[in-house]
Amino acid sequence: MDEMYNLAYTVFYSSIPFLVIGFIGNVLVVRIVHKTREMHTPTNYLLVSIAASDVITILLWPLYFFEVWKLVCKLVVLVELCIMVPYFTITVLAVERYHALLKPFRNGLRLREDNVKKAIACIWIASILICLSETFFKEWSETRETCIGPWTLYLNQGSKACMVLNVVVFVIQLSIIMYCYGTLIRELYFTNTVCAETDGERRSEKKKLVITFMLVTFGFFMGYTPTLVSYVIIPSGDGTTDVSFYAQLTAVADFILSVSLCFNPFI
């Protein structure tokens with residue numbers, strides 16, 4: 001147990017420089033978009049939503065490493081909520097870019113300044129609803145001196161249902177993102193059917209925008225996938241997972257996720 005706490009401290013203190021950089025960078029993103037009228041666009045509003053969720057995640061991140069009592073055990077769900085928000089947002093960004101470039105005359109799924117705030121509200125509400133159920137199954141175990149429930153080594157039937165829901169949402173969103181960006185890459189770089197009538201500079205700008213969103217998506221999945229594997233696949237095994245090994249694996253996954261929080265402002 002002491003070794004696990006020492007590992008948690010080591011990983012947490014190692015992640016502090018990245019958390020500080022991520023906090024400053026994401027706050028600057030929110031501040032710049034807020035102060036610059038020309039940047040009040042639907043796309044930038046979505047990026048601000050991601051930045052705001054990253055700021056909240058960074059502020060609450062220590063809870064993931066030091067789950068020491070019952071209230072903290074419940075509050076960890078707020079971190080999971082703020083991780084879910086970027087997940088939904090990058091899916092919406094992929095769908096929006098897909099329709100903006102491939103179906104420009106169809107306005108049904110296009111985001112405009114008059115409806116983007118409703119889209120952001122729906123993203124946060126959907127994230128809250130998915131994460132809310134976890135609070136009922138997550139509780140502090142006095143005997144194990146740790147949280148049990150979703151996103152822990154110890155899963156009951158309700159916790160497993162929550163984890164299955166998360167995995168299903170993950171697969172659906174990943175499929176949507178891969179389809180949208182896969183189609184955009186094909187049309188932009190191989191068939192050249194997108195923006196063929198526009199001048200070279202505007203076409204280049206649109207390509208760069210797609211690449212930027214793809215990098216944001218790639219960075220998120222690179223940070224999130226190790227966490228998904230360590231918190232979902234291993235606890236769902238045969239129940240013989242070594243606690244020390246699980247603690248080491250999740251500590252490394254948490255560190256990777258914390259590092260990824262500082263990437264988006266640079267991108």
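A cavity is a set of points, on a 1 Å grid over the protein atoms alone, where a 1.4 Å probe fits but cannot get out, and its lining residues have an atom within 4 Å of a point. The legends below describe a predicted model, in which local features need pLDDT of at least 70 and side-chain atom pairs count only at pLDDT 80 or more, while totals for chains, interfaces and linings use all residues. Residues are numbered from 1 along each chain as its sequence is written, and side-chain values use heavy atoms, with hydrogens and water left out.

**View A. The largest cavity has a volume of about 110 Å³.** A volume here is the space filled by probe spheres set on the grid points, which are joined across faces, edges and corners. The lining is formed by D54, T57, C82, I83, P86, G219, F220, L257, S260, L261 and N264. At least two lining residues come from each of α2, α4 (70–102), α8 and α9 (243–260), helices being DSSP runs (H or I, at least four residues) numbered from the N terminus. The most, three residues, is given by α4.

**View B. The second largest cavity has a volume of about 90 Å³.** Eleven residues line this second largest cavity, and those closest to its centre are E80, I83, W151, N166 and Y224. Two or more lining residues are given by α4 and by α8, with α4 giving the most, four residues.

**View C. The second largest pocket holds about 390 Å³ of space.** A pocket is an open set of grid points with protein on both sides within 12 Å along at least five of seven lines. Of the 20 residues lining the second largest pocket, V29, L47, N264, P265 and I267 are the closest to its centre. The helices α1 (2–35), α2 (42–60), α8 (200–233) and α10 (263–266) each supply at least two residues of this lining, and the largest share, eight residues, comes from α1.

**View D. Helix α2 is largely enclosed by the rest of the structure, because 14 of its 19 residues are buried.** Buried means under 20% relative accessible area, computed with a 1.4 Å probe on protein chains only. From its first C-alpha to its last, α2 reaches 27 Å, close to the 27 Å expected at 1.5 Å a residue, where the expected span is 1.5 Å times one less than the number of residues.

**View E. A search of the whole structure finds zero disulfides, a disulfide being a pair of cysteine sulfur atoms within 2.5 Å.** For C162, which is in no disulfide, the nearest cysteine sulfur is that of C131, 9.4 Å away. C162 is buried, with a relative accessible area of 5%.

Methods. Buried means under 20% relative accessible area, exposed over 50%, partly exposed in between (1.4 Å probe, protein chains only).
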